[in-house]
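Hi,

Here is the structure we talked about handing over. Please open it alongside this message, and then read on for what was found.

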Amino acid sequence: MSTVPDSQRGDLADRQRPMVGEELLVVEGLTVDFPIKSRVLRRRLGDIHAVDHIDLSVAAGETLGIVGETGCGKSTTGRAILQLIRPTAGSVRLQGHELTTLSKKALLPYRRDIQIVLQDPYSSLDPRMTVRAIIAEPLQVQGISAAARRSRVDELLELVGLQPDHAKRFPHEFSGGQRQRIAIARALALEPRLLVLDEPLSALDVSIQAQIVNLLKRLQREMSISYILISHDLAVVRQISDRVAVMYLGQIVETGKCEDVYTNPTHPYTQALLSAIPQPHPARRGERKRIILQGDLPRPEAPPSGCRFRTRCWRAEQRCSDEMPELTVRNGFDHPSACHFAALLSGTEPSRPGRSAAGTTP
Amino acid sequence: MGIVTSPAGGPAGGSEPLLSVRNLSVEFRTDGAPVQAVRDMSFDLYSGEILGLVGESGSGKSVSMSTLLRLNPSPPAKITGGSVWFMGADLLTVPERQLRRVRGQEIAMIFQDPTMSFNPVQTIGSQISEAMRVHDRGVSRRNARLRTIELLDLVGVPSPKVRYGQFPHEYSGGMRQRAMIAMALANKPKLLIADEPTTALDVTVQAQILETLQEIQRETNLSIILITHDMGIIAEVADRVLVMYAGKVVETAEVEPIFDAPLHPYTRGLLASLPRLDASVGDLPSIPGQPPNLNPPPAGCAFHPRCELSQHRERCRTELPDLVHADGRQHDVACHFFTELRVPAPVAGEER
């Protein structure tokens with residue numbers, strides 16, 4: 001995929017690339033707490049548990065989608081994997097190397113392997129830098145020679161579908177979709193093994209979203225790179241991902257192959273989320289029963305006891321407030337779900353919408 | 001009454017539309033050439049109808065709707081032509097005093113970001129009551145309060161009596177948008193313009209808000225213009241659709257024909273490029289190229305540089321297509337060669 005001779009690329013090519021399908025990233029018990037401090041004395045009053053004991057893994061060449069709504073901790077998870085936010089507890093291992101214990105300096109060589117693409121290409125690119133400087137910056141940080149940087153930038157521009165003469169221009173001369181291509185080129189500059197894509201399409205127009213989706217898919221085919229795609233858009237995640245993890249209030253509530261989770265969701269939150277998406281054709285109006293979740297997301301500094309979803313769940317029973325359900329394979333389904341009563345949605349559900357709390361048995 | 005053939009002077013005959021926009025054009029003055037944000041827009045809206053206005057950023061959908069109430073400061077905005085007939089008056093020519101009675105009373109508007117639309121240091125309840133009393137001095141404070149609580153209840157804000165006295169920051173995003181809708185409904189408007197009302201919200205909250213809007217529409221026979229870029233929302237709630245591209249209406253029809261047999265290549269591309277939930281297809285069909293620059297818009301048909309149908313034909317490059325009746329079902333399209341588009345679904349294309 002690369003035409004630059006190895007000798008000019010510093011030690012970029014020395015790294016061992018994992019085989020497709022081999023475990024690339026393993027995250028165990030990842031926890032991120034943000035302290036709540038008092039205004040005057042800066043005393044720690046408590047913690048917001050943004051991410052709470054998450055396990056996940058990504059194989060080489062695979063895409064893991066993380067979906068969830070605002071405040072569920074999906075972006076924090078992405079940043080904690082990159083060590084941009086240092087996790088409170090847990091381990092993040094990249095090809096067996098533990099990242100959480102490394103100093104900033106010791107992390108530098110690993111930074112090449114994991115890169116991030118952010119949501120808003122209008123604010124994530126420095127308006128005073130040319131496209132060439134933007135894309136070359138990570139190469140420079142890693143100490144790659146000027147000549148090698150030049151040819152690598154040209155190569156990257158072509159890879160993401162931009163013209164060579166675009167290198168001289170500035171971000172404001174580009175539309176949103178082209179800017180996102182620049183951001184992707186920059187992220188790919190160091191041939192990372194894992195790209196964290198944090199809402200890469202949300203700021204783009206619909207007609208441009210499909211272009212970027214296809215670009216990401218092609219790059220993955222050509223470079224066997226792995227993606228973690230963080231998004232609130234379940235349709236986009238379905239389009240790109242092999243596996244998906246659904247997050248609610250800092251925890252993964254259901255995970256599995258896209259096909260399994262989308263066609264046979266067993267967690268009530270996943271079911272509600274899927275039912276809320278508008279039907280793509282007017283003839284199908286009302287065909288799927290919309291589950292309207294009652295109430296708002298509980299405050300993350302004081303999550304409900306037991307199952308965190310129970311305050312909005314129609315299946316909730318006493319057990320749900322006593323015992324936190326583990327994310328595990330249940331009731332004969334082949335993908336894990338964190339619901340004591342994991343089951344497909346029955347025709348009569350939700351039969352008790354809006355029950356405000358658990359505690360009563362049906 | 002047809003959209004193209006109706007006289008430019010105002011509505012006439014048949015069942016009267018509630019709102020009749022004719023040949024509306026809006027420019028923005030810039031340092032260089034003026035940006036033609038809305039070009040020759042005409043449409044009718046009938047009572048009790050939900051009209052979906054779709055288009056990408058910069059297509060003129062928001063600008064055209066805020067122009068109906070002359071909300072765009074001039075300069076830089078300049079209305080260069082057209083008329084907006086609403087209840088027997090042209091809103092573009094009535095004096096400001098008269099227009100103020102229409103704004104918020106007959107025609108209400110809600111916006112994408114409910115956080116920015118409320119005063120942060122005044123309670124939600126008092127802001128809604130105030131909106132009521134501005135237009136009707138006859139309402140006592142007490143009655144305004146009672147009616148506000150009723151409205152909050154109507155739009156699904158739980159424990160409305162308590163919520164009345166709370167400040168905007170004590171509301172979640174979805175609740176704020178509900179309160180915004182309550183405020184919009186305070187004076188029993190005939191028309192509600194909702195500009196991307198659910199874009200800033202999560203899907204589960206979006207579902208709640210759309211349901212609320214539909215319920216209110218059914219109960220009060222309100223007309224709604226719903227501005228959105230999301231074809232899924234259009235499919236869920238709209239009765240009729242107006243598709244805009246580069247400041248022009250390129251297609252309009254009832255919602256089913258738009259989805260079943262779209263006639264404009266842009267509409268077709270837009271529908272084909274929607275990611276699907278039920279299956280992961282290979283590559284998504286996508287519209288090539290970039291959104292158009294409106295300063296100036298491409299000559300001829302503004303969509304021609306990205307159009308698969310045009311294939312750089314002379315006519316597309318030079319001649320602006322009129323919005324014409326395509327068939328008997330009031331399906332109008334602005335494309336020279338739409339008759340060639342009877343073949344089903346576009347093929348999966350390149351990524352650019």
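In which sense do strand β4 and β5 of chain A pair, and over how many bridges? They pair in the antiparallel sense, over 2 bridges. Before going further, please note that this is a predicted model.

**The open sheet in chain A**

The bridge partner of Arg93(A) is Glu98(A), in β5(A). β4(A) covers residues 89-94. Both strands belong to an open sheet of 4 strands in chain A, ordered β2-β1-β4-β5. Its pairing is antiparallel. The edges are β2 (44-59) and β5 (97-98) of chain A. Each has a single partner strand, so one side of each has no neighbour in the sheet.

**Strand β3 of chain A**

Now take β3(A), residues 63-67. Of its 5 residues, 5 are buried, so the rest of the structure largely encloses this strand. Thr63(A), Gly65(A) and Val67(A) point one way, while Leu64(A) and Ile66(A) point the other way.

Which strands does it pair with? One is β8(A), residues 226-231, in the parallel sense over 5 bridges. Another is β9(A), residues 243-248, which runs parallel to β3(A) and is joined to it by 4 bridges. Ile66(A) stands opposite Ile230(A) in β8(A). In β9(A), the bridge partner of Ile66(A) is Ala245(A).

**Helix α1 of chain A**

α1(A) spans residues 74-81. Here 7 of the 8 residues are buried, so this helix too is largely enclosed by the rest of the structure. The buried residues include Lys74(A), Ser75(A), Thr76(A) and Thr77(A). Gly78(A), Ala80(A) and Ile81(A) are also buried. Gln83(A) follows the helix, and its phi is positive, near 65°.

**Where the chains touch**

Met223(A) is found in α6(A).

Chain B has an open sheet of 8 strands. The order is β6-β7-β8-β3-β9-β10-β12-β11, and the pairing is mixed. β6 (107-110) and β11 (324-327) of chain B stand at the edges. Each of these has a single partner strand, so one side of each lacks a neighbour in the sheet. The twist from one strand to the next averages 20°.

Asp327(B) stands opposite His331(B) in β12(B). α1(B) lies across β3 (50-54), β7, β8 (223-228) and β9 (240-245) of chain B. It runs at about 145° to β8(B).

**Two packed helices in chain B**

α7(B), residues 173-185, packs with α8(B), residues 203-220. The angle is about 15° and the axes are 10 Å apart. The two helices are therefore roughly parallel. The crossing is right-handed. Residues of α7(B) in the contact include Gln177(B), Arg178(B), Ile181(B) and Leu185(B). Among those they meet in α8(B) are Val205(B), Ile209(B), Leu213(B) and Ile216(B). The contact residues divide into 6 nonpolar, 5 polar and 1 charged.

**Backbone angles to check**

Most residues other than glycine have a negative phi. Arg70(B) has phi near 50°. Arg70(B) lies in the loop between α1 (61-68) and β4 (77-86) of chain B. With 18 other C-beta atoms within 10 Å, Arg70(B) is partly exposed. Glu196(B) has phi near 45°. Glu196(B) sits in the loop between β7 (191-195) and α8 of chain B. Glu196(B) is partly exposed as well, with 19 other C-beta atoms within 10 Å.

Best wishes

Definitions and conventions:
Residues are numbered from 1 along each chain as its sequence is written. Chains are lettered from A and ligands numbered from 1 in the order in which they are written. This is a predicted model: local features need pLDDT of at least 70, side-chain atom pairs count only at pLDDT 80 or more; totals for chains, interfaces and linings use all residues. Two strands pair if DSSP finds at least two bridges between them. Axes are lines fitted to C-alpha atoms, for helices over the stretch in contact, and angles run from 0 to 180 degrees between N-to-C directions. Angles under 35 degrees count as roughly parallel, over 145 as roughly antiparallel, 65 to 115 as roughly perpendicular and the rest as oblique. A crossing is left-handed if the near helix is turned anticlockwise from the far one by less than a right angle, and right-handed if clockwise. Two residues are in contact if their C-beta atoms, placed from the backbone, lie within 7 Å. Ala, Val, Leu, Ile, Met, Phe, Trp, Tyr, Cys and Pro count as nonpolar, Asp, Glu, Lys and Arg as charged, and the others, Gly among them, as polar. A residue is buried if 20 or more other C-beta atoms lie within 10 Å of its own, exposed if 12 or fewer, and partly exposed in between; C-beta atoms are placed from the backbone.
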